[in-house]
Amino acid sequence: MQRANLSTVSEFVFVGLSDAPEIRLLLFVLFLLIYLATMAGNTMLLAAISTDPHLHSPMYFFLSNLSLLDLLCATITVPKMLGALLLEHKEISFSGCLLQHFSLIAVVGTEIFLLTVMAYDRYVAVCHPLRYPSIVSTKLCAQLALGTWAVGLLNSLLHTSLVFTLSFCGPNMIQQYYCDIPPVLALSCSSTRSRELVILVVAGVLGSSACVVTVVSYIYILLEILSRNSPGIWHKAFSTCGSHLTVVCLFYGTTICTYVRPSFTYSLQRDRVVAMLYGMLTPLLNPIIYSLRNKEVKCALRRV
């Protein structure tokens with residue numbers, strides 16, 4: 001009876017970064033520049049990979065998928081945040097929040113699995129260089145890419161259905177600048193414990209599996225390097241794997257810190273910072289990391 005008397009939430013209001021009026025314009029300019037730089041960097045990287053025949057290889061095919069995911073990740077959240085900062089349009093409909101949540105979790109999940117596939121690709125390239133073209137064939141690349149997107153979408157569908165089938169009948173102020181799992185769960189007026197447990201278990205299993213595959217791949221790479229003991233092998237291996245390893249550490253660290261932990265450990269200020277790391281800075285840094293450490297990419301970018 002008490003639940004029936006409560007109104008159902010039809011929209012949410014973001015109160016993340018726009019609660020400091022004195023620096024709102026400064027934040028808008030800063031995040032707009034970051035967004036434009038992200039779009040330019042990843043678009044140029046996609047253009048270089050698609051137009052340069054020297055970059056038509058499995059490694060760069062996966063890298064082009066990563067750039068596309070980074071473009072989507074930034075576009076899903078940043079424009080809405082810029083609108084809230086400049087126009088104070090902080091509202092988002094229930095369906096809009098659901099769509100933003102589904103899209104973001106799909107992109108983040110797909111990127112985690114794609115980075116795992118890229119670790120396997122580097123393992124084959126270092127440990128089995130002569131068999132690399134036959135193992136990592138065009139067909140296998142397409143299958144792995146489609147598999148990462150499919151698993152990311154299914155994972156997002158599960159998380160979104162668990163979150164948005166809850167009852168929302170009270171507060172509608174999201175303590176974040178986009179619709180993420182922890183702040184939306186905090187607004188539900190029904191019990192969330194069982195669903196939080198399912199989300200934690202699923203995220204933990206998938207995240208730990210991806211981490212295990214990545215770590216095992218790099219252990220084999222390290223053992224292969226130590227067994228060869230040839231001059232220049234360390235430099236060659238680092239130039240081959242260093243960029244990917246840097247991106248993995250940055251992305252895995254921030255996403256695991258956000259999703260693979262119980263709700264009572266959430267911190268408003270810390271979660272905002274972590275969200276900006278993987279939602280804005282990681283898509284900005286990825287093309288920089290890969291282009292600065294790769295002569296082929298730098299040459300292709302100059303030609304573009």
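Here's a quick tour of the annotated segments, nonpolar cores, disulfides and strands in this structure. Keep in mind that the model is predicted. The chain has 2 disulfides, and its largest nonpolar core has 57 residues. A UniProt annotation, from an unreviewed entry, also marks out several stretches as "transmembrane region".

**Annotated segments**

- According to that unreviewed UniProt entry, the "transmembrane region" label covers residues 25–47, 59–78, 98–120, 140–158, 197–221, 233–253 and 273–292.
- Take residues 25–47 as an example: this stretch is 100% helix and 0% strand in the model, with its end C-alpha atoms 33 Å apart.
- Residues 140–158 also come out as 100% helix and 0% strand, and here the end C-alpha atoms are 27 Å apart.

**Nonpolar cores**

- Inside the largest nonpolar core, with its 57 residues, the ones with the most contacts are Phe31, Leu115, Ile221 and Met280.

**The Cys97–Cys179 disulfide**

- Quick reminder: a disulfide is a covalent bond between the sulfur atoms of two cysteines.
- Cys97 and Cys179 make one of these links, with their sulfur atoms 2.0 Å apart.
- The link between Cys97 and Cys179 is left-handed, at -125° about the S-S bond.
- Cys97 sits in helix α3, while Cys179 is in the loop between β3 (173–174) and α6 (181–185), so this pair ties together parts that are 82 residues apart in sequence.
- Are these two cysteines buried or exposed? Both Cys97 and Cys179 are buried.

**The Cys169–Cys189 disulfide**

- Cys169 is joined to Cys189 by a disulfide, with an S to S distance of 2.0 Å.
- This one is right-handed, because the torsion about the S-S bond of Cys169 and Cys189 is about 125°.
- Cys169 is in the loop between α5 (138–164) and β3, and Cys189 is in the loop between α6 and α7, so the pair ties together parts that are 20 residues apart in sequence.
- Cys169 has a relative accessible area of 9%, so Cys169 counts as buried, the cut-off being under 20%.
- Cys189 has a relative accessible area of 27%, which makes Cys189 partly exposed.

**Pattern and other cysteines**

- If you count the bonded cysteines along the chain, the disulfides follow the pattern 1-3, 2-4.
- Cys211 is partly exposed, at 22% relative accessibility.
- Cys299 is partly exposed too, with 29% relative accessibility.

**Strand pairing**

- How do β1 and β2 run relative to each other, parallel or antiparallel? Strand β1 (residues 11–14) and strand β2 (residues 91–93) run antiparallel, joined by 3 bridges.
- β1 also pairs with β3, this time in the parallel sense, over 2 bridges.
- Val13 is a handy residue to look for: Val13 stands opposite Glu91 in β2, and its bridge partner in β3 is Met173.

Methods:
Residues are numbered from 1 along each chain as its sequence is written. This is a predicted model: local features need pLDDT of at least 70, side-chain atom pairs count only at pLDDT 80 or more; totals for chains, interfaces and linings use all residues. Side-chain values use heavy atoms; hydrogens and water are left out. UniProt positions are given in the numbering used here, feature names are shortened, and annotations may be inferred rather than shown by experiment. Helices (H or I, at least four residues) and strands (E, at least two) are DSSP runs, numbered from the N terminus. A nonpolar core is a set of buried Ala, Val, Leu, Ile, Met, Phe, Trp, Tyr and Cys residues joined through side-chain atoms within 4.5 Å. Buried means under 20% relative accessible area, exposed over 50%, partly exposed in between (1.4 Å probe, protein chains only). A disulfide is a pair of cysteine sulfur atoms within 2.5 Å. Two strands pair if DSSP finds at least two bridges between them.
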